[in-house]
Amino acid sequence: MTVWRLGRLVSLLGFFIPVVGTAAWFGRELIGPVLTGVLAGAVLLWQLLLLLLWPRLAWANFRYEVREHDLLVQSGVLFRRWSSVPLTRIQYVDTEQGPLERILGLAHLKVYTAAGMSADGSLPGLDLAEAQRLRDALSLRGSDDGV
Amino acid sequence: MTGSEGPEVPWRGLHPLSLAVNLLPQAWRTVRGAWPLLLALVVGGDGLGLRALDLTLLVTFFVLTVGRTLIHFLTLRYRVADGRFQVKVGLLSRSARVLDPGRIQNVEIVQNLFHKLTGLVEVRVETTGDGSSHGLLSALHEAEATRLRAELRALVRAQAMESTPAPIDEAPPALALTPLELAAYGFTRRTVGVVAVLTAVGLELFGRFGPEVAEKAGRAMTPDVLLPLIVLAFAGSWLWSAGAATLRHWGHALRFSEDELITEEGLFTRRRVEIPRGKVQLLRIDETLLRRLMGYGSLLIETAAIGVADGRMRAAEGLVPMVPQDRLAALCREALPALAVDPWSVQLQPAHPRALWRAIFSRTLRAAGLCAVLVLASPRWGWAALPLVILAPPMAWLDWRRQGWLVSPGTVITRTGFWLRQTWVISRDKVQSVHLVQGPIMRQHGLGRIEVRVAGGVVGLPDMGIHEARVLLDQLRPEARCAP
């Protein structure tokens, strides 16, 4: 949750504030200073709310379970997603660590099948040791790639 | 370093005429890679210094093209050794790849006009993985291509421990298409996008001629001029599409052997695609309204290979442009033996009744958004899109009524669409992962949507009750296939 919160803070400071500021600077000529202020304020307030509430909601809705035949992942706040990845179909498993995750001793586990370039199962914010244990356990299970 | 007991298998190279055959494609690749420079060359000024710069750019372009062709010819080597297909290429950046025969998804043989003139062919050996054709041999003699194809096929069969079946070329075509059917295929393709792009380009050009010309043209665009122009644009794009489809799929023939399906087509560029039946991941059948009324549908056969054709990702490995409706089910069963039912006569499960409201809401919202953008862009003409908003609810209803899905012991079948009816058939033993998605409106209505991923793509089932969707999430696992 801390990683998600810090990630949102970085995007707020590094992206939204500069973009909204620039848009407001040019927009005040077009739609007037009052409306520009209201719109920019609304966008920033919404982002602030997301920063405070969203990571907690995302964390509360995130679950995963390694079952007998598959890895089941539940994620999403507004748009919920349940992903079932059969263990026999797993091609490879990656663990990734960004700078924030390295500082906090966490890792992002990504499970790939032959279905494509994007991960079929994605487990962010795992404890590094748990991520490595899962990676090793899941990597051994693939036997029939169905291709 | 082969590890085999016999003498080392020699590496083979491209035919020397590949230097001539590959020059144009290499030039095109260089143009694509350096188009900003070339654009600057075309529109740049003509001062003395700039002329020298233009000359330098032209010489660089020429040297790069010839150099690339030469390096490709000199460094590309391939062989079949130790039961594997091996390819290496490159001078500064070298790449070597070893393909296991069991990973080969399909072999494609292409012969464009230059190949035809020189008696050569291009061989593409495609596997699952990234977007490159790993075994792309751009210019081989036809006899060498036939030998290589036979060697690869023998390897695949040896690995599958099968007996040698009858040669595939002896199999008569299961379906052969006439030029009229091919023209009908092009005629029934959707061309609204082409017309829209041409219209946008035309408007942009008028703008370039200056405000007076644009204003004059705007005044001249009365309904009695505009309507014939629209009809003409559509007629032109349909004629173009029909001609292009006839040339591209000329002499289309589909053959089935014991373990492969083969398509051959093309007038100027001849293509031959060989797909092992065990590699077929999913089938897609496209039936546009016009095509349906003519009594035809198009069959697309996907494997796990991610192919690149003519510089872009292609839609499917095998395409049968026009299949008579009464033969669609039989051809689908030939391509995918796991299909035990006729997808057109079997009763499919309908979409959930509450899914209708979501369909109406989302379609109307999209149409309103489009209309708003068009009105903002052109207050005079944008309102012409208003009928789209009015028609959105009945269209959503028509689409919803025709949605359906079915999970049979061997396959998953799903269907959507009214204008463009699309039917997907997936072999259940090819399922890679299953996903259940639920948005906020779906949650309010107790709905869920199942997405099934296979190596050839993603297929979504129509909206269903969330409890039913949860059961399917478990049921569609490969291990659950034989469960009662």
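Modeller: Gladly, and one definition comes before anything else: helices (H or I, at least four residues) and strands (E, at least two) are DSSP runs, numbered from the N terminus. With that in hand, helix α1(A) is followed by A:G32, whose phi is positive, near 90°. Please keep in mind that this is a predicted model, where local features need pLDDT of at least 70, side-chain atom pairs count only at pLDDT 80 or more, and totals for chains, interfaces and linings use all residues. Residues are numbered from 1 along each chain as its sequence is written, while chains are lettered from A and ligands numbered from 1 in the order in which they are written.

Biologist: What makes you say that α1(A) bends, and where?

Modeller: The bend at a residue is the angle between axes fitted to the seven residues ending there and the seven starting there. At A:L12 that angle is about 40° for α1(A).

Biologist: How do you know which domains chain A has?

Modeller: Domain bounds come from an automatic or database domain assignment. For chain A, that assignment gives domain 1 (2-60) and domain 2 (63-139). Their centres, taken over C-alpha atoms, are 30 Å apart.

Biologist: Which residues count as being in contact between these two domains, and how many are there?

Modeller: Two residues are in contact if their C-beta atoms, placed from the backbone, lie within 7 Å. By that test, seven residues of domain 1 of chain A are in contact with six residues of domain 2 of chain A. On the domain 1 side, α1 (2-31) and α2 (33-61) of chain A are the elements that give two or more residues, and α1(A) gives the most, with four.

Biologist: What is the make-up of that domain 1 side by class?

Modeller: Here Ala, Val, Leu, Ile, Met, Phe, Trp, Tyr, Cys and Pro count as nonpolar, Asp, Glu, Lys and Arg as charged, and the others, Gly among them, as polar. The side of domain 1 of chain A that touches domain 2 of chain A has five nonpolar, two polar and no charged residues.

Biologist: Why are β1(A) and β2(A) called paired?

Modeller: Two strands pair if DSSP finds at least two bridges between them. Strands β1 (residues 63-66) and β2 (residues 70-75) of chain A have four bridges, in the antiparallel sense, so they meet that definition. Next, β2(A) and β3(A) pair antiparallel over six bridges, with A:V73 opposite A:S83. They too form a hairpin, with four residues between the strands, and A:G76 in the turn has a positive phi of about 100°.

Biologist: What joins β3(A) to chain B?

Modeller: Five bridges join β3 (residues 80-86) of chain A to β21(B), and the two run antiparallel. A:S84 stands opposite B:V434 there. Over the whole interface, 21 residues of chain B are in contact with 19 residues of chain A. On the chain B side, β21 (431-438) and β22 (447-454) each supply at least two residues, and the largest share, eight residues, comes from β21(B). By class, that side has ten nonpolar, six polar and five charged residues.

Biologist: What makes β6(B) an enclosed strand?

Modeller: A residue is buried if 20 or more other C-beta atoms lie within 10 Å of its own, exposed if 12 or fewer, and partly exposed in between, with C-beta atoms placed from the backbone. Eight of the eight residues of β6 (residues 120-127) of chain B are buried, so this strand is largely enclosed by the rest of the structure. Both faces are covered: B:L120, B:E122, B:R124 and B:E126 lie on one side, and B:V121, B:V123, B:V125 and B:T127 on the other. Six bridges join β6(B) to β5 (residues 104-111) of chain B, antiparallel.

Biologist: Which residues touch the most other members of the largest nonpolar core?

Modeller: A nonpolar core is a set of buried Ala, Val, Leu, Ile, Met, Phe, Trp, Tyr and Cys residues joined through C-beta atoms within 7 Å. Of the 66 residues in the largest one, B:L283, B:L299, B:C332, B:V425, B:I426 and B:V452 touch the most other members. Apart from that core lies another, of 19 residues, among them B:Y78 and B:I109.
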